[in-house]
Amino acid sequence: MATLHLTTAAGCTLAIGRYPRFRYNASGGGGSGLGGELDPTGWQPLLFEPAGLAIPPLNWRTTRVGGLPLPPGLSISLLPQRLAGRWQPASGAVELAFLARFRFALAGIYQAPDLIVQTDLGTGAVQGQRHSASGQPLDGDGRGLLVGVATVPPTGEGWLDRFLGLPEEALAVLRCELRQVGFRGPSEG
């Protein structure tokens, strides 16, 4: 089994519904995972432990909407629940199933119910009803662009569901780097 490291970078974008796209600097995030053996078609299975993944929150330091930072006190934490899929080292193609809770908090005095986002992130193109984007396969340094479209279900919090128009489509555009950092043989696992 190979040990892999995923690092998130600046130049990411997030969008939900009719709202403008957020520019998001995800620098410093990521985590380690395991890669299995290549299958006959050259794909390597990937599995990342959710507890070991760190994704920077969306806040006034990391996120801009229409050129302006998010208001101070507003923070959206990303809590990964699942990240697994496959990678084809020869082509740089990546396909990952991603499930996360997006937790809104306002100045530490209010926390909305979590938004549940489940999508397939990949280096190909995605097309939803409202959003579309094209990914980029990993280059020789392991850098690429993952994209995904998801339908976000209602949270049950009436005002939030109305404000976001839930259920609604969301878009994720994630700049990242994926690299192999080690190899563990069968007797070392």
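Strand 9 gives the most to the lining of the largest pocket, with six residues; strands (E, at least two residues) and helices (H or I, at least four) are DSSP runs numbered from the N terminus. The pocket itself has a volume of about 830 Å³. A pocket here is an open set of points on a 1 Å grid over the protein atoms alone, with protein on both sides within 12 Å along at least five of seven lines, and lining residues have an atom within 4 Å of a point. Grid points are joined across faces, edges and corners, and a volume is the space filled by probe spheres set on the points. Of the 46 residues that line this pocket, the closest to its centre are Leu 14, Phe 22, Leu 58, Ile 76 and Phe 102.

The structure is predicted, with local features requiring pLDDT of at least 70 and side-chain atom pairs counted only at pLDDT 80 or more, while totals for chains, interfaces and linings use all residues. Residues are numbered from 1 along each chain as its sequence is written, and side-chain values use heavy atoms, with hydrogens and water left out.

One cavity of 30 Å³ or more is found in the whole structure, a cavity being a set of grid points where a 1.4 Å probe fits but cannot get out. The volume of the largest cavity is about 50 Å³. Its lining consists of Leu 6, Leu 46, Phe 48, Val 94, Leu 96, Leu 138, Leu 146, Cys 176 and Leu 178. Strand 5, strand 9 and strand 15 each supply at least two of the lining residues.

Turning to packing, the largest nonpolar core holds 39 residues, of which Leu 58 and Leu 178 touch the most other members. Such a core is a set of buried Ala, Val, Leu, Ile, Met, Phe, Trp, Tyr and Cys residues joined through side-chain atoms within 4.5 Å; buried means under 20% relative accessible area, exposed over 50%, and partly exposed in between, with a 1.4 Å probe and protein chains only. Strand 9, which spans residues 93–106, gives the most to this core, again with six residues. Another core lies apart from it and has seven residues, among them Ala 15, Val 126, Leu 171 and Val 173. Leaving aside neighbours within four places in sequence, Leu 58 is in contact (heavy atoms within 4.5 Å) with Leu 14, Phe 22, Tyr 24, Thr 63, Leu 70, Leu 74, Ser 75, Ile 76 and Leu 78.

The strand pairing around strand 8 comes next. Two strands pair if DSSP finds at least two bridges between them. Strand 5 (residues 44–48) and strand 8 (residues 74–88) are antiparallel partners over five bridges, and Leu 46 stands opposite Gly 85 of strand 8. Strand 8 is also joined to strand 9 by 14 bridges, again in the antiparallel sense, with Arg 82 bridged to Leu 99 of strand 9. In the hairpin of these two strands, which has four residues between them, Gly 92 takes a positive phi near 85°. Within strand 9, Ala 97 is partly exposed, with a relative accessible area of 23%. The C-alpha atoms of Ala 97 and Gly 85 are separated by 5.8 Å, although the residues are 12 apart along the chain. Beyond residues up to four places away in sequence, Ala 97 touches Arg 82, Leu 83, Ala 84, Thr 119 and Asp 120.

Two backbone details deserve a mention. Most residues other than glycine have a negative phi, and most peptide bonds are trans. Ala 107, in the loop between strand 9 and strand 10 (110–111), has a positive phi near 50° and is exposed, at 53% relative accessible area. A cis peptide bond, with omega about 0°, joins Leu 166 and Pro 167; Pro 167 sits in the loop between helix 1 (158–164) and strand 15 (168–183).

Glu 168 belongs to strand 15 and counts as buried at 14% relative accessibility. The side chains of Glu 168 and Arg 130 are joined by a polar contact of 3.2 Å. A polar contact is a pair of N or O atoms within 3.5 Å; within protein, one must be able to donate a hydrogen and the other to accept it, and residues adjacent in sequence count only if both atoms are side-chain atoms.
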